[in-house]
Amino acid sequence: MDMRSGDREFPNGDFYSGEVKGLLPNGKGKYAWSDGTIYEGDWDQGKISGKGKLIWSSGAKYEGDFSGGYLHGFGTMTSPDESVYSGAWRMNVRHGLGRKEYSNSDLYDGLWKEGLQDGRGSYSWTNGNRYIGNWKKGKMCERGVMRWANGDLYDGFWLNGFRHGSGVYKFADGCLYYGTWSRGLKDGKGVFYPAGSKQPSLKKWSRSLEYDDTGKFVLSRSASVNVEELRSLNTVTQSLSVKTSAGETTKNSGSVLDRLPDEIWRTCDPPRDFTCHGPLSKSARFFGSGQSEGQDRNRIVYEREYMQGVLIRETIMSSVDRSHKIKPPHRPKEVRARSLLTFLRGEHNYYLMLNLQLGIRYTVGKITPVPRREVRASDFGKNARTKMFFPRDGSNFTPPHKSVDFSWKDYCPMVFRNLRQMFKLDAAEYMMSICGDDGLTEISSPGKSGSIFYLSHDDRFVIKTLKKSELQVLLRMLPKYYEHVGDHENTLITKFFGVHRITLKWGKKVRFVVMGNMFCTELKIHRRYDLKGSSQGRFTEKIKIQEKTTLKDLDLAYEFHMDKLLREALFKQIYLDCSFLESLNIIDYSLLLGLHFRAPGQLHDILEPPNAMSDQESVSSVDVGLAQELSIPPKGLLLVTHEPNSVNTAPGPHIRGSTLRAFSVGEQEVDLILPGTARLRVQLGVNMPAQAHHKLIEDKEESATIELFEVYDVVVYMGIIDILQEYNTKKKVEHTCKSLQYDPMTISVTEPSIYSKRFVNFLHKVFPEER
């Protein structure tokens with residue numbers, strides 16, 4: 001059909017002038033909508049496609065590439081508030097490399113994804129602050145550097161816009177602190193170097209993020225916008241074009257008119273101010289900065305421990321210890337790649353890891369498309385196994401890979417498929433978490449079983465190596481386990497997601513179980529305990545205690561007081577779970593307890609005196625304040641009525657069922673509010689608030705360590721673990737009785753209730769009932 005030009009006015013008041021093909025705009029043309037919106041540019045069979053200029057009645061305008069009625073390619077958008085974005089677009093949203101100049105003169109230069117900053121980028125604020133590093137969903141995440149206008153500089157890891165993880169903070173006056181942060185607050189152990197002291201070089205640390213140790217930023221070429229490069233990278237395609245009549249243009253291409261301006265203006269706001277995690281105040285570093293003149297400033301450093309931003313311990317170190325040498329952080333992939341080399345501490349570690357990922361991907365991919373059905377007795381039997389051989393060069397059923405030949409065995413695939421669905425675990429998320437490019441990280445074992453534990457890159461799953469006897473116990477208990485977790489959604493017992501075995505070509509067999517990580521939480525777990533209710537050997541030598549050491553019964557110096565209904569729900573489920581384990585003759589299980597401490601808010605006022613004082617005066621005021629603080633219960637947690645839209649209700653590998661009710665809010669379902677941090681859904685064993693009373697023991701020996709308070713607000717996480725030790729022989733029973741200080745004559749294989757009674761009685765002391 002021939003091309004021609006013409007004008008056409010529509011009944012709804014719209015007007016088109018330009019080239020047409022048949023009845024459709026095609027070629028160059030101008031379209032004016034009745035609301036005042038005007039487009040002038042290229043058309044393709046009735047759809048805006050090519051290059052053009054679109055001006056909305058609100059005053060917003062866009063000039064650049066279109067495809068199929070969408071902003072798609074490269075273009076410049078000017079919003080009514082005079083903010084300007086120039087860069088890549090996809091389907092009406094910023095996506096790719098782009099530059100955003102905000103109306104308040106802030107500037108972002110870097111990568112975007114689905115309308116938000118995502119990837120590498122640099123953000124400059126009008127107040128002089130600047131950040132360069134990684135972003136995720138519009139917030140600073142992973143590795144990045146922040147330099148404040150006052151000269152302070154932080155280089156380290158971020159999470160959702162907060163300093164989170166390891167990092168180095170360099171003060172403008174020359175002081176330096178290397179340690180860890182949790183959601184913007186110092187949390188954990190670190191080393192403080194006063195101004196003038198001998199400090200480690202930051203060249204290796206800073207090189208990977210492209211700024212020198214003087215604080216000068218070196219923005220890479222890839223992080224700055226080049227118009228011509230963008231145009232070459234964002235070639236406009238015509239695949240989105242859809243045939244439509246000229247009269248339908250207003251309705252069907254409305255994605256440009258109706259959806260774009262409002263959505264863009266909502267998502268283009270600059271990141272929030274940095275009042276909550278900005279430059280550190282004087283109080284954050286005055287401890288130790290007033291050392292006497294007789295000390296050698298070039299050799300004095302301080303080892304510090306913080307809890308939620310509050311300094312709780314400080315030790316003077318007479319010289320720089322090599323153990324505190326600052327090592328540069330590495331991107332997660334590099335760290336995890338090295339961790340693979342230690343897998344099972346053998347020369348074939350790396351291959352074994354690849355085999356595990358290949359096998360799980362094969363297993364989940366094969367079983368997921370099968371229609372769901374109720375499990376049968378045969379699904380638990382010896383024939384409920386899937387076997388597959390994975391040759392290096394691939395086969396008709398398996399892909400080629402870079403590992404060695406191996407055989408894969410998957411146990412009870414239908415049962416575990418149903419368990420994953422029962423726990424509301426998405427199959428794709430499960431595969432990506434374990435089988436993604438980031439790999440797994442080895443973590444220390446909390447027990448004496450000799451098993452090795454691995455953590456998925458997103459902390460959601462723990463993979464444990466099994467002995468043959470443990471595998472046999474798990475398979476025998478699986479039918480009753482399946483029934484128990486189906487009947488009790490709030491069970492505290494470990495969640496199992498899959499059991500597998502790898503046989504390498506030289507005959508080595510390695511068995512694995514995939515479990516949910518009970519400590520998968522956005523809050524930092526400050527203390528971990530493995531509790532059995534026994535005193536026989538249940539302590540940890542002080543010299544062996546590290547930040548993430550799992551402690552034991554005699555190390556626990558707290559009693560936990562919680563809401564009446566929360567405690568009732570907890571012990572009701574503990575009774576049910578213990579009865580279940582009794583029925584299986586299992587008696588050597590543990591309660592894994594994790595604690596997140598909240599520092600008392602009053603300490604912040606004490607550490608930041610209202611009047612300007614010398615460092616020595618400040619220290620004295622803190623000493624006076626601490627004596628008063630010991631008698632003041634902290635108020636750092638708040639229970640409120642549950643609001644599903646205000647918290648994340650999506651289930652995870654550690655989530656345990658329904659939202660709990662609390663007596664303190666009228667027996668309603670509750671959320672936990674942590675001031676300045678988050679609002680969390682309270683569930684059994686997850687996000688449970690309590691007050692920890694420290695059983696204070698006076699230490700008459702002189703020590704450079706100071707504890708600031710004895711009553712804490714804590715968030716409790718817990719679960720029952722180590723349930724794969726079955727005791728069905730006299731010898732095993734006698735061994736257990738001896739290790740747990742029982743009388744072997746008072747227990748038999750048919751009466752494992754003695755263990756559960758002792759276990760529950762111990763927990764009653766740990767979580768006493770309010771009088």
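Here is a short walk from the whole chain down to a few local spots.

Before you click: this is a predicted model, where local features need pLDDT of at least 70, side-chain atom pairs count only at pLDDT 80 or more, and totals for chains, interfaces and linings use all residues. Residues are numbered from 1 along each chain as its sequence is written, and side-chain values use heavy atoms, with hydrogens and water left out.

**Whole chain.** Colour by secondary structure: you have 14 helices and 37 strands, taken as DSSP runs numbered from the N terminus (helices are H or I with at least four residues, strands are E with at least two). Of the 771 residues, 52% count as buried, meaning under 20% relative accessible area with a 1.4 Å probe, protein chains only.

Select strand E2 (15-21) and strand E3 (24-32), an antiparallel pair with six bridges; strands pair if DSSP finds at least two bridges between them. Gly18 sits opposite Gly29 in E3. The hairpin has two residues between E2 and E3, and Gly22 takes a positive phi near 70° there. Carry on to strand E4 (38-44), which runs antiparallel to E3, again over six bridges. Lys30 has Glu40 in E4 as its bridge partner. With five residues between E3 and E4, this hairpin has Gly36 at a positive phi near 105°.

Now pick helix H10 (564-583): its 20 residues reach 29 Å from first C-alpha to last, close to the 28 Å expected at 1.5 Å a residue (1.5 Å times one less than the number of residues). At the N-terminal end, Asp563 is the cap, with a side-chain oxygen 3.0 Å from the backbone nitrogen of Leu565. Just past the helix, Asn585 takes a positive phi of about 60°. Show side chains for the buried residues, among them Leu566, Leu570, Phe571 and Phe580. Their cover includes helix H9 (468-487) and helix H14 (753-766).

**Aromatic pairs.** Rings of Phe, Tyr and Trp (its six-membered ring) pair if their centres lie within 6.5 Å; planes under 30 degrees apart are stacked, over 60 edge-to-face, the rest tilted. That rule gives 40 aromatic pairs. Zoom to Phe380 and Tyr482, edge-to-face at 6.1 Å centre to centre and 75° between planes. Phe380 is in the loop between helix H6 (349-367) and strand E21 (385-390), while Tyr482 is in H9, 102 residues apart. Last stop: Tyr430 and Phe461, also edge-to-face at 5.3 Å and 85°. Tyr430 belongs to helix H8 (427-435) and Phe461 to strand E25 (461-466), so the pair ties together parts 31 residues apart in sequence.

Key. Buried < 20%, exposed > 50% of the residue type's maximum accessible area, 1.4 Å probe, protein only. Contact = heavy atoms within 4.5 Å. Polar contact = N/O pair within 3.5 Å; in protein donor to acceptor, adjacent residues only side chain to side chain.
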